[in-house]
2 protein chains.
Amino acid sequence: MTLVVQKFGGSSVADAESIRRVAQRIVDTHNEGKQVVVIVSAMGDTTDDLIDLANSVSTKPPAREMDVLLTAGERISMALLAMAVNELGVPAFAYTGQQAGLHTDSKYGKASIVGVVPERIARTVNDGGVAIIAGFQGVNRHDDVTTLGRGGSDTTAVAFAAALNADVCEIYSDVDGVFTADPRIVPSAHKLAALTFEETLEMAAHGAKILHLRAVEYARRFDVPLHVRSSFSNKEGTWIVDENSRRYLDGNNEAPIISGVSHDKSQAKITVKGVPDQPGAAARLFAVVAKAGVNIDMIVQNTPTNLEGVANISFTLPIADVDTAVAALEGAREEIGFEKIARDDGVGILSLVGAGMRSHPGVSVKLFEALQEVGVNIDMISTSEIRISVVMEQKLLDDAVRAVHTAFDLDAEGEAIVYGGTGR
Amino acid sequence: MTLVVQKFGGSSVADAESIRRVAQRIVDTHNEGKQVVVIVSAMGDTTDDLIDLANSVSTKPPAREMDVLLTAGERISMALLAMAVNELGVPAFAYTGQQAGLHTDSKYGKASIVGVVPERIARTVNDGGVAIIAGFQGVNRHDDVTTLGRGGSDTTAVAFAAALNADVCEIYSDVDGVFTADPRIVPSAHKLAALTFEETLEMAAHGAKILHLRAVEYARRFDVPLHVRSSFSNKEGTWIVDENSRRYLDGNNEAPIISGVSHDKSQAKITVKGVPDQPGAAARLFAVVAKAGVNIDMIVQNTPTNLEGVANISFTLPIADVDTAVAALEGAREEIGFEKIARDDGVGILSLVGAGMRSHPGVSVKLFEALQEVGVNIDMISTSEIRISVVMEQKLLDDAVRAVHTAFDLDAEGEAIVYGGTGR
């Protein structure tokens with residue numbers, strides 16, 4: 001029997017009407033003869049409202065209590081959704097993360113899953129019922145409630161899909177799927193029929209708001225096919241699968257060269273100038289940054305031609321972390337031995353992602369030509385096997401995304417160009 | 001070491017400011033060197049809001065899901081209160097009913113407590129922390145959440161006070177304690193320093209909005225001293241204790257004759273006329289009513305002097321149950337063999353309660369005289385050892401309560417008359 005895990009985000013269950021619509025979709029899937037396990041987020045802005053409440057009584061809410069507070073949101077939505085499904089004549093039962101068997105470590109607020117024991121869920125669907133599970137939450141070995149952090153409901157869904165050996169994990173939201181670029185910037189962007197796990201990871205890590213990175217990692221590890229789709233329509237969304245399945249879905253053996261263009265305006269650049277050009281200097285510098293809890297992304301080291309014995313090191317990092325990083329570096333000026341620090345909050349990062357890139361030389365040339373045409377001066381470059389990212393001036397980023405999207409023939413021309421197959 | 005259980009109702013934790021005020025009180029008690037266990041209800045109207053949400057997605061919400069939904073309210077308030085106490089520098093930990101060890105049967109919506117295993121709570125207070133427990137909720141043997149029904153937080157508080165052998169169970173609300181009568185009807189009503197469990201049960205069962213009956217029963221069974229007081233002041237409230245403690249609190253050996261006058265406008269009267277005056281007729285009649293799930297209170301049977309072989313049977317019941325009772329009786333007309341049914345929704349019940357009544361004859365005479373003076377025609381009478389209740393026309397009820405209150409010298413005259421001792 002087919003087993004489907006369906007995950008509905010907060011915008012899909014924002015009010016009673018949305019909940020009833022989602023319930024109808026669940027019942028429709030059930031009536032197709034499939035077993036259905038549902039993961040649900042808190043309604044709309046509930047989580048933010050609860051955080052506001054916490055801040056109104058505490059300057060530094062204890063993490064354990066914060067977690068028990070936040071899980072109230074999913075408790076409400078799971079119960080309401082189970083009621084709405086029952087109302088349509090299909091037995092449905094709501095389960096907290098604890099009841100569903102999601103065990104985590106004790107890192108409140110960002111717990112890691114240590115195991116899923118889905119016996120109660122399996123029993124429910126085997127008995128013909130629908131199981132509705134609160135996303136984002138689990139239980140630690142002290143019998144205390146934990147949360148997986150923002151976006152943790154996606155990870156919950158993938159974890160149960162893996163543990164139950166589900167045929168698919170459907171991730172519902174208010175968008176139709178994954179697009180070749182952000183449609184707000186590129187109106188001609190089109191929905192992708194399929195992506196590989198790797199492409200999705202690269203896009204998500206470089207600004208595309210698709211899925212929680214962790215959920216995609218989890219899906220790749222356990223080979224759980226994901227289907228990202230809209231809760232407002234019955235249209236196929238975007239499948240995220242392994243490379244072989246993706247070829248099958250595309251109906252041919254050639255992966256498209258480029259799947260999409262993502263962009264990121266949330267990063268800044270720090271350049272540390274006059275670092276001694278000797279072994280270990282960069283290691284000392286990044287040890288200081290890492291110790292301050294700052295995650296960096298791209299790194300470029302170069303040796304100015306007009307100076308001997310010193311190098312400049314540039315790296316990108318979240319804008320929110322710049323002050324922390326600068327303070328940490330200034331505090332270790334003696335130890336590292338640099339001249340000065342320059343920060344640039346006005347950078348933008350454009351990333352071109354595609355599994356076919358591996359076997360197609362010339363991609364970077366075409367990219368640079370497209371960027372040149374809109375007057376972009378490339379500041380830094382980083383690449384992976386299936387991605388090329390460039391750091392540039394942020395004010396040219398939107399133009400650059402559009403130009404690159406066009407250069408790689410990603411612009412949709414009506415329905416005809418909609419990419420790939422029709423899913424399975 | 002003194003162990004205090006403090007229970008705060010929804011109005012005491014209605015918003016962030018109230019929560020901070022309650023937290024301060026908890027911390028003050030803790031800083032007096034006492035161990036503090038707190039039971040908290042959902043904030044303000046949260047429970048009603050959740051019920052509305054349930055009704056917006058379901059015409060008949062499943063009881064199991066309703067319970068998991070409603071418990072979200074206490075989950076929020078317990079977490080916020082724990083945060084607010086931590087903010088004041090005292091370690092506090094929030095526990096759900098399940099975590100705290102409150103085990104119930106599986107009657108969702110009105111579960112009974114089957115056991116309290118307060119090890120985790122005891123450990124918390126022994127380690128110097130404050131334990132904050134969600135009221136109103138427990139867990140059944142299937143690991144599912146249950147609720148104890150409205151007012152169940154009082155029962156939760158008493159259950160933990162009993163299980164932890166607490167010195168006192170303080171019940172906080174927005175009123176100063178128990179009054180000799182409803183101050184909205186009798187402006188000269190005064191706060192009682194002490195009441196026995198039995199008096200409290202009689203008053204609560206006959207219209208006084210003091211405490212959940214079940215909580216008082218529980219307290220009496222395990223001899224848990226209750227202290228009903230306001231969360232808005234530090235004034236002593238009303239102690240509810242056994243008879244010996246009450247004498248001690250009153251500072252003398254004589255229990256006051258009358259403790260208070262309660263009234264009830266939520267009852268109606270049904271009179272079944274022309275019932276065969278033979279053994280078993282009344283039994284058949286009340287079997288029919290009981291089978292319909294209707295709780296009746298007072299019963300009077302009389303034999304009209306002008307008719308032979310038939311009797312009239314009158315009884316009081318909640319107004320909401322009248323239709324059900326009448327339908328059940330009409331359906332059993334043949335079996336019971338009565339002539340007709342009369343209903344009266346316009347009745348009021350006045351009850352005079354006092355443990356000293358036992359040893360003082362003449363109470364009923366004084367009561368009837370007071371009622372006569374305001375023109376009350378007594379319809380039915382019922383008595384217990386410490387209570388006399390009369391059914392009358394509802395529109396005269398308020399006048400009657402005031403007249404009786406005065407006749408038994410219960411009117412306060414400034415501070416001088418405030419009843420009894422100052423507590424312990």
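## Annotated site and two-fold interface of a predicted dimer model

A:Glu74 is placed in helix α3 (residues 63-87) of chain A; helices (H or I, at least four residues) and strands (E, at least two) are DSSP runs, numbered from the N terminus. The model is a predicted one, in which local features need pLDDT of at least 70 and side-chain atom pairs count only at pLDDT 80 or more, while totals for chains, interfaces and linings use all residues. Residues are numbered from 1 along each chain as its sequence is written, chains are lettered from A in the order in which they are written, and side-chain values use heavy atoms, with hydrogens and water left out.

**The annotated site**

An unreviewed UniProt entry lists A:Thr47 and A:Glu74 under "binding site"; such annotations may be inferred rather than shown by experiment, and the positions follow the numbering used here, with feature names shortened. The two residues are spread over 28 residues of sequence yet cluster in space, with a largest C-alpha distance of 8.8 Å.

Contact means heavy atoms within 4.5 Å. Neighbours within four places in sequence aside, A:Thr47 is in contact with A:Ala42, A:Leu70, A:Glu74 and A:Arg150. With residues up to four places away in sequence not counted, A:Glu74 touches residues including A:Val40, A:Ala42, A:Thr47 and A:Phe136. A polar atom of the A:Glu74 side chain lies 3.2 Å from the backbone nitrogen of A:Ala42.

**The interface**

Chain A can be laid on chain B with an RMSD of 0.1 Å by a turn of 180 degrees and a shift of 0.0 Å along the axis, the superposition being by least squares on the C-alpha atoms of residues with pLDDT of at least 70 in both. The two copies are therefore related as by a two-fold rotation axis. Of the residues of chain A, A:Ala72 comes closest to this axis, at 2.6 Å (C-alpha).

The contact takes 42 residues from chain A and 42 residues from chain B. Chain A and chain B bury about 3300 Å² between them, 61% of it on carbon and sulfur atoms; buried area is the accessible area (1.4 Å probe) that two parts lose on being put together, summed over both. A:Val57, A:Arg75 and A:Met83 supply 22% of the area that chain A buries against chain B, more than any other three residues.

How values were computed
A polar contact is a pair of N or O atoms within 3.5 Å; within protein, one must be able to donate a hydrogen and the other to accept it, and residues adjacent in sequence count only if both atoms are side-chain atoms.
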